Structures are given as C-alpha cells and as structure tokens.
Amino acid sequence: MLSALRRLAAFCLCLVLCFGLAACSGNAKAKPITISPDDMAVIRRQAEGFLSAQERLPELATLVNQRDWTFTRNLIHGPMQEVGREMLYINQRLLPQDRANAEALAASLKSSLAELDEAARLQDGTKLQKAYVDVATGFSNYAKVIPAQALS
C-alpha cells in the first residue's frame, strides 16, 4: 500500500513538473510589450495638446505674479481646460505597467489646477503662488510619462 502511494505521488509530481515546465517554456518567439502604432498616434495627438498647455506656463506665471485673478482663471478654464482629457487619453494608451504612475501624476496635476483656480477665485495670493508651483511641477512630472516616440 505504501509503495502504491509513493508511485502515485511520484506520478503526480511528474505531471506537475511537466505542465509547469511547459507553461514556463520561455517562448523565444514572444514579442516584447510595446505600444502599438495606433496607440502611439493617439498619444502623439493628445501630447500635442498637453505640451501646448505646458507652453502657456510662463504666461500663467506672469498672471499669478501680477495677481490677475480674472485672467488666471480664464487661462485655466480656456486653453488649459482640456489637459485632464488629454492625460486621460494618453493614460489609456500607455503600457499597463506605466498606467498607475501616469494616473497618479494626472490626478495630482488636475488637483493642483483646481487649487490654483480656487485660490484665484478667493483672491488668495499666498495660496495662488503655492498652487502655481504645484501646477508647474505637475506638468513637468507628467511630461516625463509621455513616451519619447510621441514627442518626436
């Protein structure tokens, strides 16, 4: 009886090893994970809008320094309004391992823009300066997530 159990255990171990090795065969024909050309085209198109908004940061800085509450809000709600949507489309097309970080950076930037808008609405100069620094940092950090191929 003990001998039969040993044979059965050996047979089961053999099956598990065979299937385990077959599953981990290291297929040499497997392609590395890359962004498809269609996804890269979408990222490129959305990155243009994002970078266009980023290029307006010096103008925003001037408005913040002048404490021009109205035009600060106009710039946020006008040319910079689409940044959130552009980041959403970019995030959807990134590689799965990059999405979580990109989504966190996008959320941080959107939150900073909302804080800047609120500071301008309340006409709070101290909060306005701090929020602008957060917005500029957010743009810089998120720009690093965009693949280099989309920027060329």
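Which residues do ring pairs link into a cluster? Ring pairs join Phe50, Phe139 and Tyr142 in this way. The model is predicted: local features need pLDDT of at least 70, side-chain atom pairs count only at pLDDT 80 or more, and totals for chains, interfaces and linings use all residues. Residues are numbered from 1 along each chain as its sequence is written, and side-chain values use heavy atoms, with hydrogens and water left out.

View 1. Phe50 belongs to helix H2 (residues 37–54) and Phe139 to helix H7 (residues 125–143), so the pair ties together parts that are 89 residues apart in sequence. Helices are DSSP runs of H or I with at least four residues, numbered from the N terminus. Phe50 and Phe139 are both buried, where buried means under 20% relative accessible area, exposed over 50% and partly exposed in between (1.4 Å probe, protein chains only).

**View 2. The ring pair of Phe50 and Tyr142.** Phe50 and Tyr142 also form a tilted pair, at 5.2 Å centre to centre with 55° between the planes. Phe50 lies in H2 and Tyr142 in H7, so the pair ties together parts that are 92 residues apart in sequence. Both Phe50 and Tyr142 are buried.

**View 3. The two faces of helix H7.** Buried residues of H7 include Leu128, Tyr132, Val135, Phe139 and Tyr142. Thr126 and Lys130 are exposed on the face turned away from the buried side.

**View 4. The N-terminal end of H7.** Asp124 caps this end, with a side-chain oxygen 3.2 Å from the backbone nitrogen of Thr126.

**View 5. Asn91 in helix H5.** Asn91 sits in H5 (residues 83–93) and is buried, with a relative accessible area of 4%. Beyond residues up to four places away in sequence, Asn91 touches Arg99, Ala102, Glu103, Ala106 and Tyr142; contact means heavy atoms within 4.5 Å.

How values were computed: Phe/Tyr/Trp six-rings, centres within 6.5 Å; stacked < 30°, edge-to-face > 60°. Polar contact = N/O pair within 3.5 Å; in protein donor to acceptor, adjacent residues only side chain to side chain.
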